[in-house]
Amino acid sequence: MYPNNSPTSPDVPLDPVAAVTHADPYPFYASLRAGLPLAWNEKLRLWVASRAEVIEEVLQAHGALRVRPAAEPVPNAIAGSPAGEVFGHLVRMNDGAAHEAHRPALQRALAGLDLNTVREAALQVARQVQQQPLSDTLFSMPVRSVARLLGFADEALPQVDLWTRDFVACLSPLSTASQLQGASTAAGELMTRFEGLVAGTPPRRGTLLAGVLAESAAPSRSLLANLVGLLSQTCDATAGLLGNSLIALMRDPSLRASARTRDGLQAIVEETARHDPSVHNTRRFVAEPVTIAGTPLAAGDTVLVLLASANRDPSFNPDPDSFILVRAKRRMLGFGRGMHACPGQALACTLAAAGLEALLQRVPDIDAQRLRGWHYRPSVAARVPVFH
Ligand code: HEM
């Protein structure tokens, strides 16, 4: 974790994982793109994909490359616990039948959301979030919005928010023993609450829960786990998108006039998702020998996929280092590609735009906030600012 602009921050990230939380990792990513299409990193003991075309190839090689290592479908640290149970069912963490069982329902339900209604709900929820450190608000606004869309009562939102954040801690290899314990408690509580919601009165028409249930067979533990997954997938990623959008406005005063309109806010968020995204990388695990970009990979190998680097690849987006609100054809891989691509992209951008609108009312002097600075939360994949 390096404070933004701190003299202790190394000029160049130590490696492609440290890049996620570096003050400015983008020149480093450019240097990786100038190297081999798939480069072996001896320190991390994995292959690194940094160019857009190679990343697209990796993300579409579904049979040979999997989202989890065959030997460890659930991280050993949580296997056998309630957090492990939820993790083991998530479509994000499965290929094959367990992925197919719920992905179509989640995708259709998310695609069926009315984004005007989502925006209204998100603005209402944002107004109800009490004063708390700005960095916590980044999480509370989107997570509570999704909890409400899923059918939780307003009184339950603060607790669901806390449990979601506790559960998400188990998804990181940086978690401590007490965080893992907290994650398991939270996973158990969230499963119980979803059980109650699903068993209760039929969910309101138009809610995300109604959409998922309408698209699914009878509710099962694995479906409930994937409802928890909608909260956890929202959490760090959307908090980061919201925070990084605020940073874009801090850095470039010429963008601020655009932040006065709904379309302008949406455009700021969408360009931030390309230019300074919240999810910097994902991983793939080689299940059977395969050749990617001319490089033979062996079963058991790991590929680190630098999604944030792809967005800045000049062959993918012209003038990639400039923040350009209206691009003729914005291309990005920060929401993945292929079978596991994020089904929540439109929802996330709507939530972040509504959150930004609400934040700008709360933090009218963003220059003062910029001078106080920020650093990034410790993470191996998510770029989420902590404002000082
Ligand atoms: C800025 C916010 C978000 C970002 C950057 C993001 C990014 C991603 C990425 C990169 C993946 C694919 C990972 C991989 O292939 O390894 C993914 C998957 C997923 N995301 Fe998002 N996401 C965001 C918000 C959301 C939201 C709000 C939801 C739903 C409420 C959501 C639901 C999912 C689900 C269910 C998957 C798993 C899909 C599958 O494996 O088939 N995401 N997301």
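A residue counts as buried here if 20 or more other C-beta atoms lie within 10 Å of its own. The model described is a predicted one.

By that cut-off, the buried residues of helix H11 are Leu265, Gln266, Ala267, Ile268, Val269, Glu270, Glu271, Thr272, Ala273, Arg274 and His275. Because eleven of the 14 residues of H11 are buried, this helix is largely enclosed by the rest of the structure. Its buried residues pack against H10, helix H12 (307-311) and H13. H11 covers residues 262-275 and reaches 20 Å from its first C-alpha to its last, close to the 20 Å expected at 1.5 Å a residue.

Helix H10 is also largely enclosed by the rest of the structure, since 28 of its 31 residues are buried. Its end C-alpha atoms are 45 Å apart, which agrees with the 45 Å that 31 residues should span at 1.5 Å a residue. H10 has a kink of about 35°, centred on cysteine 235.

H10 also takes part in the largest nonpolar core. This core holds 113 residues, of which Ala49, Ile55, Phe167 and Val228 touch the most other members. H10 supplies the largest share of the core, 17 residues. In soluble globular proteins, nonpolar side chains tend to be buried together. Leaving aside neighbours within four places in sequence, alanine 49 is in contact with Leu38, Val54, Ile55, Val58, Val303, Val305 and Leu306.

The ligand is surrounded by 25 residues, and the closest are Ala237, Thr282, Gly336, Cys342 and Gly344. Helix H4 (97-111), helix H10 (221-251) and helix H13 (345-362) are the elements that give two or more residues to this shell. H10 gives the most, with seven residues. By type, the shell divides into 13 nonpolar, ten polar and two charged residues.

Most residues other than glycine have a negative phi. Arginine 45 and alanine 293 have a positive phi, although neither is a glycine. The table sets out their values.

| Residue | Phi | Loop between | Other C-beta atoms within 10 Å |
|---|---|---|---|
| Arginine 45 | about 55° | strand E1 (38-41) and strand E2 (46-49) | 9 |
| Alanine 293 | about 50° | strand E5 (290-292) and strand E6 (295-297) | 16 |

With 9 such atoms, arginine 45 is exposed, whereas alanine 293, with 16, is partly exposed.

Definitions and conventions:
Residues numbered from 1 in each chain as written. Predicted model: local features only at pLDDT ≥ 70, side-chain atom pairs only at ≥ 80, totals over all residues. Near = placed C-beta within 6 Å. Helix = DSSP H or I, 4+ residues; strand = E, 2+ residues; numbered from the N terminus. Nonpolar A, V, L, I, M, F, W, Y, C, P; charged D, E, K, R; others polar. Core = buried A, V, L, I, M, F, W, Y, C linked by C-beta atoms within 7 Å. Buried ≥ 20, exposed ≤ 12 C-beta atoms within 10 Å, placed from the backbone. Contact = placed C-beta atoms within 7 Å. Expected span 1.5 Å × (residues − 1). Bend = angle between axes of the 7 residues up to and from the residue.
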